[in-house]
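Here is a friendly walk through one structure, taken a piece at a time. Have the viewer open as you read.

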Amino acid sequence: MNAAAKHAVVIPGENYGPLAGLLAYVGEAAARRGARLELISWTPPPGRTLEERPPWVREQVAPVVDGFAAPLLIGKSLGSLAAAVAAERGLAGVWLTPLLTMSACVAALRRATEPFLLVGGTADDFWDGAVARELTPYVLEVEAPTTACCCRGRSPGAPRSSVG
(Lines give C-alpha, C1' and ligand atoms only; values in the text may rest on other atoms or scores of the structure.)
Protein backbone atom coordinates (compact mmCIF):
# COMPACT_ATOMS: atom_id res chain seq x y z
CA MET A 1 0.00 0.00 0.00
CA ASN A 2 1.40 3.40 -0.87
CA ALA A 3 2.08 6.01 1.79
CA ALA A 4 -0.87 8.18 0.68
CA ALA A 5 -3.39 5.37 1.19
CA LYS A 6 -4.03 5.60 4.91
CA HIS A 7 -7.57 4.32 4.52
CA ALA A 8 -9.05 1.27 2.88
CA VAL A 9 -12.72 1.08 1.93
CA VAL A 10 -14.01 -2.49 2.13
CA ILE A 11 -16.93 -3.12 -0.24
CA PRO A 12 -18.90 -6.36 0.16
CA GLY A 13 -20.41 -8.70 -2.35
CA GLU A 14 -24.07 -9.52 -2.39
CA ASN A 15 -24.29 -12.31 0.16
CA TYR A 16 -22.20 -11.28 3.16
CA GLY A 17 -20.68 -8.28 4.87
CA PRO A 18 -17.32 -6.55 4.76
CA LEU A 19 -15.71 -8.60 7.53
CA ALA A 20 -16.48 -12.08 6.20
CA GLY A 21 -14.54 -14.47 4.02
CA LEU A 22 -11.86 -13.12 1.72
CA LEU A 23 -12.68 -9.54 2.69
CA ALA A 24 -11.70 -10.31 6.28
CA TYR A 25 -8.25 -11.46 5.22
CA VAL A 26 -7.58 -8.62 2.81
CA GLY A 27 -8.94 -6.07 5.28
CA GLU A 28 -6.67 -7.47 7.97
CA ALA A 29 -3.68 -7.25 5.63
CA ALA A 30 -4.48 -3.59 4.88
CA ALA A 31 -4.92 -2.84 8.60
CA ARG A 32 -1.59 -4.48 9.43
CA ARG A 33 0.01 -2.17 6.86
CA GLY A 34 -1.40 0.85 8.66
CA ALA A 35 -4.70 1.46 6.88
CA ARG A 36 -7.80 2.46 8.79
CA LEU A 37 -10.71 0.43 7.47
CA GLU A 38 -13.98 1.97 6.38
CA LEU A 39 -16.53 -0.83 6.07
CA ILE A 40 -19.54 -0.63 3.77
CA SER A 41 -22.53 -2.80 4.61
CA TRP A 42 -25.52 -3.06 2.35
CA THR A 43 -28.56 -4.99 1.29
CA PRO A 44 -28.83 -4.89 -2.49
CA PRO A 45 -32.31 -3.94 -3.67
CA PRO A 46 -34.40 -6.89 -4.77
CA GLY A 47 -35.69 -7.20 -8.28
CA ARG A 48 -32.73 -5.60 -10.07
CA THR A 49 -30.67 -7.59 -12.51
CA LEU A 50 -26.91 -7.59 -12.17
CA GLU A 51 -26.70 -5.32 -15.22
CA GLU A 52 -28.91 -2.77 -13.43
CA ARG A 53 -26.73 -2.65 -10.32
CA PRO A 54 -23.71 -0.49 -11.29
CA PRO A 55 -25.48 2.83 -10.56
CA TRP A 56 -26.70 1.49 -7.20
CA VAL A 57 -23.18 0.35 -6.25
CA ARG A 58 -21.83 3.79 -7.20
CA GLU A 59 -24.48 5.46 -4.98
CA GLN A 60 -23.35 3.33 -2.04
CA VAL A 61 -19.59 3.68 -2.55
CA ALA A 62 -18.90 7.18 -3.91
CA PRO A 63 -20.00 9.13 -0.80
CA VAL A 64 -17.83 6.92 1.43
CA VAL A 65 -14.80 7.21 -0.84
CA ASP A 66 -15.22 10.97 -1.08
CA GLY A 67 -14.60 11.19 2.66
CA PHE A 68 -10.93 10.22 2.27
CA ALA A 69 -7.96 11.59 0.35
CA ALA A 70 -6.82 8.47 -1.50
CA PRO A 71 -8.26 5.28 -0.04
CA LEU A 72 -7.47 1.82 -1.30
CA LEU A 73 -10.68 0.16 -2.50
CA ILE A 74 -11.18 -3.51 -1.67
CA GLY A 75 -14.25 -5.06 -3.26
CA LYS A 76 -15.73 -8.54 -3.56
CA SER A 77 -17.84 -9.69 -6.52
CA LEU A 78 -20.75 -7.17 -6.65
CA GLY A 79 -18.41 -4.72 -4.92
CA SER A 80 -16.05 -4.93 -7.91
CA LEU A 81 -18.51 -2.68 -9.74
CA ALA A 82 -16.95 0.06 -7.61
CA ALA A 83 -14.00 -0.14 -10.00
CA ALA A 84 -15.81 2.67 -11.83
CA VAL A 85 -15.42 4.89 -8.74
CA ALA A 86 -11.74 3.89 -8.49
CA ALA A 87 -11.15 4.75 -12.15
CA GLU A 88 -12.89 8.13 -11.88
CA ARG A 89 -10.90 9.13 -8.81
CA GLY A 90 -7.56 7.55 -9.68
CA LEU A 91 -7.57 5.04 -6.82
CA ALA A 92 -5.85 1.69 -6.44
CA GLY A 93 -7.97 -1.40 -5.87
CA VAL A 94 -8.05 -5.02 -4.85
CA TRP A 95 -10.91 -6.81 -6.58
CA LEU A 96 -11.79 -10.24 -5.24
CA THR A 97 -13.81 -12.47 -7.59
CA PRO A 98 -14.55 -9.48 -9.85
CA LEU A 99 -17.40 -9.61 -12.35
CA LEU A 100 -15.19 -9.94 -15.43
CA THR A 101 -18.04 -11.19 -17.61
CA MET A 102 -19.88 -7.87 -17.15
CA SER A 103 -18.98 -5.17 -19.64
CA ALA A 104 -19.50 -2.40 -17.05
CA CYS A 105 -16.91 -3.92 -14.72
CA VAL A 106 -14.36 -4.59 -17.47
CA ALA A 107 -14.81 -1.11 -18.94
CA ALA A 108 -14.20 0.46 -15.54
CA LEU A 109 -11.06 -1.61 -15.02
CA ARG A 110 -9.80 -0.58 -18.47
CA ARG A 111 -10.13 3.08 -17.42
CA ALA A 112 -8.05 2.57 -14.26
CA THR A 113 -4.99 4.78 -13.92
CA GLU A 114 -3.73 3.23 -10.69
CA PRO A 115 -2.63 -0.37 -10.08
CA PHE A 116 -5.15 -3.01 -9.10
CA LEU A 117 -5.06 -6.68 -8.16
CA LEU A 118 -7.59 -9.18 -9.51
CA VAL A 119 -8.22 -12.41 -7.60
CA GLY A 120 -10.46 -15.14 -8.98
CA GLY A 121 -11.02 -18.81 -9.55
CA THR A 122 -11.27 -20.81 -12.73
CA ALA A 123 -14.67 -22.30 -11.78
CA ASP A 124 -16.22 -18.88 -11.14
CA ASP A 125 -18.77 -18.12 -13.84
CA PHE A 126 -17.91 -14.41 -13.57
CA TRP A 127 -14.13 -14.89 -13.87
CA ASP A 128 -12.26 -14.70 -17.16
CA GLY A 129 -8.56 -15.31 -16.65
CA ALA A 130 -7.58 -14.13 -20.12
CA VAL A 131 -9.40 -10.83 -19.60
CA ALA A 132 -7.85 -10.47 -16.13
CA ARG A 133 -4.32 -10.90 -17.51
CA GLU A 134 -5.11 -8.44 -20.29
CA LEU A 135 -6.22 -5.81 -17.77
CA THR A 136 -3.38 -5.95 -15.25
CA PRO A 137 -0.13 -7.76 -14.49
CA TYR A 138 -1.41 -8.23 -10.93
CA VAL A 139 -3.56 -11.36 -11.13
CA LEU A 140 -4.02 -14.26 -8.74
CA GLU A 141 -5.95 -17.04 -10.45
CA VAL A 142 -6.76 -20.08 -8.35
CA GLU A 143 -7.64 -23.40 -9.94
CA ALA A 144 -11.29 -24.37 -9.37
CA PRO A 145 -12.73 -21.95 -6.75
CA THR A 146 -16.06 -20.34 -7.57
CA THR A 147 -17.13 -16.78 -6.77
CA ALA A 148 -17.88 -18.03 -3.25
CA CYS A 149 -14.32 -19.41 -3.13
CA CYS A 150 -15.56 -22.98 -2.88
CA CYS A 151 -14.01 -25.74 -4.88
CA ARG A 152 -16.60 -27.52 -7.00
CA GLY A 153 -16.48 -31.27 -6.84
CA ARG A 154 -14.75 -31.47 -3.46
CA SER A 155 -14.56 -34.92 -2.01
CA PRO A 156 -17.15 -35.91 0.58
CA GLY A 157 -16.01 -35.16 4.08
CA ALA A 158 -13.40 -32.64 2.93
CA PRO A 159 -13.46 -29.40 4.86
CA ARG A 160 -15.56 -26.73 3.20
CA SER A 161 -13.70 -23.57 2.28
CA SER A 162 -16.71 -21.47 1.34
CA VAL A 163 -16.58 -17.81 2.21
CA GLY A 164 -19.87 -16.77 0.68
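V131 sits in helix α5, which spans residues 129–135. This is a predicted model, and in it V131 has a relative accessible area of 16%. Because buried means under 20% relative accessible area, V131 counts as buried.

Let us turn to the strands. The model has an open sheet of 6 strands, and reading across it gives the order β2-β1-β3-β4-β5-β6, with parallel pairing. The edges are taken by β2 and β6 (139–142), each with a single partner strand, so one side of each is left without a neighbour in the sheet. On average, and with direction ignored, neighbouring strands are turned by 15° against each other.

Strand β5 (residues 116–121) runs parallel to β4, and 4 bridges join the two. Is β5 mostly covered or mostly uncovered? It is mostly covered, with 5 of the 6 residues of β5 buried.

Helix α1 covers residues 21–32, 12 residues in total. From its first C-alpha to its last, α1 reaches 17 Å, close to the 16 Å expected at 1.5 Å a residue. G34, which follows α1, has a positive phi near 100°.

Which residues of α1 are buried? They are G21, L23, G27 and A30. These residues cover an arc of only 135° around the axis, which puts them on the same side of α1. The face turned away from that buried side carries the exposed residues Y25 and R32.

The buried residues of α1 pack against β1 (7–11), β2, β3 (72–76) and β4 (93–96). Seen from the sheet, α1 packs on it and touches β1, β2, β3 and β4, and the direction of α1 makes about 165° with that of β3.

## Two loop residues with positive phi

Two residues other than glycine deserve a look at their backbone angles. S77 has a positive phi, near 50°, and is found in the loop between β3 and α3 (83–89). With 13% relative accessibility, S77 counts as buried.

T97 also has a positive phi, near 45°. Its place is the loop between β4 and α4 (103–110). At 1% relative accessibility, T97 counts as buried too.

## The aromatic pair

How many aromatic pairs does a search of the whole structure find? The search finds 1. The pair is formed by W42 and W56, with 4.9 Å centre to centre and 50° between the planes, so it is classed as tilted. W42 lies in the loop between β2 (36–39) and α2 (54–65), and W56 lies in helix α2, so the pair ties together parts that are 14 residues apart in sequence. Both W42 and W56 are buried.

Note on methods: Residues are numbered from 1 along each chain as its sequence is written. This is a predicted model: local features need pLDDT of at least 70, side-chain atom pairs count only at pLDDT 80 or more; totals for chains, interfaces and linings use all residues. Side-chain values use heavy atoms; hydrogens and water are left out. Rings of Phe, Tyr and Trp (its six-membered ring) pair if their centres lie within 6.5 Å; planes under 30 degrees apart count as stacked, over 60 as edge-to-face and the rest as tilted. Buried means under 20% relative accessible area, exposed over 50%, partly exposed in between (1.4 Å probe, protein chains only). The expected span of a helix is 1.5 Å times one less than its number of residues. The arc is that of the directions from the helix axis to the C-beta atoms. Contact means heavy atoms within 4.5 Å. Two strands pair if DSSP finds at least two bridges between them. Axes are lines fitted to C-alpha atoms, for helices over the stretch in contact, and angles run from 0 to 180 degrees between N-to-C directions.
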